[in-house]
Amino acid sequence: MPAARGRRPSRLRKKSSSKRSMVIHCWCMNGRGSMRGADVRTESLFSYVSCEARVPADHPLRAIRAIVDEALEALSPEFDKLYSRHGRPSIPPEKLLRALLLQAFFTIRSERQLMEQMDYNLMFRWFAGLSMDAPIWDVTVFTKNRERLQEGDIAAKFLAAVLSQPRVTALLSEDHFSVDGTLIEAWASIKGFKPKADRADSPDKDDDGGSGSVPPASGAAPEGKPAGGRNAERDFHGEKRSNRTHASTSDPDARLYKKGRGAAARLCHMGHFLMENRHGLIVDTELTLATGTAEREAALSMLRRRNARHRITVAADKAYDVAGFVADLRSIKVTPHVAQNTTNRRSAIDGRTTRHAGYALSQRIRKRIEEGFGWIKTCGGLSKTRHRGTERVGWSFTLTAAACNLIRLPKLIEIKG
């Protein structure tokens, strides 16, 4: 209440009021009751810094993106052929390819996780071509667009566009190459590797992957219902399985294959590289069914696509030491620097080839092709493929091989000067 007229105000009330105002002032300064100034910036409420400014100037992705953008610009006419001239504009294929390259660079296991990381990773947004506030895409965008890009064979054309750049062409050898193959584990379970006859028309096939001849376990489920659920246990002991009589229900293109005696047989595809020997860059790829002759057939196919106008050399391991394959190489003007296989047999490579110093050099350099296989499996995520079917797995295999080249190219271009 205000003091009466002519009466002096109470000193106790005045002292209390001044102390309360001082405390309020201190807490307003920094929230701790101290006279220290508060570290508060109020000059702007919004930030207008772009993703470009957030990426360091010396980051390796900057050099990689320059190569990628040049290759994608060369592919622009190919992209135009894949899209209709009418309708709603789609997500640019250039951005989709950059995002898939990020998936290989940073070993991201799925497109769903890729979209999750692109939502908060500014460097990913910058590389793909998205602004800071641009909405990310639905994960199903990759499903439809991958089919479109696959029909246009964009992965192989992208690999060729990268290698055709002048600064990259200067790194490549036109005379000496190496070839090899590797197994890519299929996205299929061995339990789904069932007899073809049972899958087609056998009325008494069991639902847990058997051939109908294996007796049911005790306590089996009633007729017409799978025993043990969708992923029931299965005893394969005593049952013979082969690619001639069995096929996978998940991926019909997967084949049962093993590397050698004593190794486990797995459902897989077979990928092949053609590597130039100067810097170990991958110049061609192919993915085939996993068969005993696939490596030699794919090697001939890739070498014929080179369409060399002069004689070249190709190095390979002992699996390629077959008389028919060596003769086919010589018929297309390719000198076979194939490792000799003399285990209980006669090699198709004689002293006319092995006497030259280039043969020993090719045999030493060809082992570098394993570095590419190691990268695509450990970093590129292809130790077990995420797709089914030879065409889809082959497209992913080629794009991952291009990513392997892109990782190495900036350093090689810098050294070359």
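**A walk through a predicted model**

Histidine 269 is buried, with a relative accessible area of 0%; buried means under 20%, exposed over 50% and partly exposed in between, using a 1.4 Å probe and protein chains only. This is a predicted model, in which local features need pLDDT of at least 70, side-chain atom pairs count only at pLDDT 80 or more, and totals for chains, interfaces and linings use all residues. Residues are numbered from 1 along each chain as its sequence is written, and side-chain values use heavy atoms, with hydrogens and water left out.

Histidine 269 belongs to strand 5. Strands (E, at least two residues) and helices (H or I, at least four) are DSSP runs, numbered from the N terminus. The side chain of histidine 269 makes a polar contact of 2.9 Å with the side chain of aspartate 251. Such a contact is a pair of N or O atoms within 3.5 Å; within protein, one must be able to donate a hydrogen and the other to accept it, and residues adjacent in sequence count only if both atoms are side-chain atoms. Aspartate 253 is 16 residues from histidine 269 in sequence, and their C-alpha atoms are 7.7 Å apart in space.

The buried residues in helix 15 (357-365) include Tyr359, Ser362, Gln363 and Ile365.

Two loop residues come next. Threonine 107 sits between helix 5 (93-105) and helix 6 (111-120), and has a positive phi of about 55 degrees although it is not a glycine. Threonine 107 is partly exposed, at a relative accessible area of 41%. Asparagine 307, not a glycine either, has a positive phi of about 50 degrees. Its loop runs between helix 12 (294-306) and strand 7 (312-316), and asparagine 307 is exposed, with a relative accessible area of 62%.

Helix 9 (154-163), strand 6 (282-289), helix 12 and helix 17 (390-416) each give two or more residues to the lining.
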